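Thanks for making the time, everyone.

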Amino acid sequence: MAQGDLVLELSSFIERVSAIARTGLAFSNGFDLERYEELLNEAARMRASLDSAGPAEAHAIYRRWRDEVKIGYEGYVTAAVGCGAIVFNERDEILMTQRPTGKWWYPTGFCDVGVSPAENAAREVLEETGLIVTPLRLMGVTDSQKLGSPARHIYSILFYRLDGGKLRVHTLEALDARFFRLDQLPEPLHGVDRRWIALAREFHFAGRIHAYFDPLS
């Protein structure tokens, strides 16, 4: 196994173990509670080691995870959910935003409580670019870990839409926003996922209507 693949596997393993431990702490007491505390400590130590950090950082990770634990149903740890929108203009150019990191990506963000995925996607576009869009079709749901990301485990829900409007960049949300040809995307791009580029091409230019999802392992 290549070193990069090993790091990805370890990151996924550590995140899963910490999630199991935090969920266990939410529902357990007595002997089980003590075991889940130890499991969380070990996961934090492994996370720090993977980041080339020391005991102090490991304890800080453990403390942060432990403080996030809630008792009962509210404490069940799940993957995060994000929503994004693939928006084309009348010239068949795709909308891209430049994030505060300087990297480019389609409009996206975490889903807020009490708002549907489609509403979240439309709101992200509005907040970042000033454009009013109405999601037309579900493009797909992807798993960040299956796409090779060692960061936080996220399910991404992607919507497709063609809409008009005038760009008005919100400087707290993005550094810039522009339309680009799909074969001339700006650099650098955010993250490791590039599957969305093929999906954008298939939905906009090839008339695809069926949503994508990651196959079973």
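This is a predicted model: local features need pLDDT of at least 70, side-chain atom pairs count only at pLDDT 80 or more; totals for chains, interfaces and linings use all residues.

Let me begin with a question: is Arg-45 buried, partly exposed or exposed? At 45% relative accessibility, Arg-45 counts as partly exposed, where buried means under 20% relative accessible area, exposed means over 50%, and partly exposed lies in between, with a 1.4 Å probe and protein chains only.

Residues are numbered from 1 along each chain as its sequence is written, and side-chain values use heavy atoms, with hydrogens and water left out.

Arg-45 forms a salt bridge with Glu-42, with the closest N and O atoms 2.7 Å apart; the term stands for a side-chain nitrogen of Lys or Arg within 4 Å of a carboxyl oxygen of Asp or Glu. The two residues are three apart in helix α2 (residues 31-50), and are therefore separated by about one helical turn; helices here are DSSP runs of H or I with at least four residues, strands are runs of E with at least two, and both are numbered from the N terminus. Glu-42 is partly exposed as well, at 39%.

The structure holds 15 salt bridges, and Glu-34, Arg-35 and Glu-38 are linked in a network of them. Another salt bridge joins Asp-214 to Arg-195, at 2.9 Å between the closest N and O atoms. Because Asp-214 lies in the segment after β8 (212-213) and Arg-195 in helix α5 (residues 195-205), this pair ties together parts that are 19 residues apart in sequence. Asp-214 is buried, at 13%, whereas Arg-195 is partly exposed, at 32%.

Turning to the rings, a search of the whole structure finds eight aromatic pairs, counting rings of Phe, Tyr and Trp (its six-membered ring) whose centres lie within 6.5 Å, with planes under 30 degrees apart called stacked, over 60 edge-to-face and the rest tilted. The rings of Phe-27 and Tyr-76 have centres 6.4 Å apart and planes at 75 degrees, so that pair is edge-to-face. Phe-27 lies in helix α1 (residues 3-27) and Tyr-76 in the loop between α3 (55-67) and β1 (80-88), so the pair ties together parts 49 residues apart in sequence. Phe-27 is partly exposed, at 48%, and Tyr-76 is exposed, at 53%.

Lastly, ring pairs link Phe-88, Tyr-160, Phe-203 and Phe-205 into a cluster, in which Tyr-160 is buried at 5% and Phe-203 is buried at 3%.
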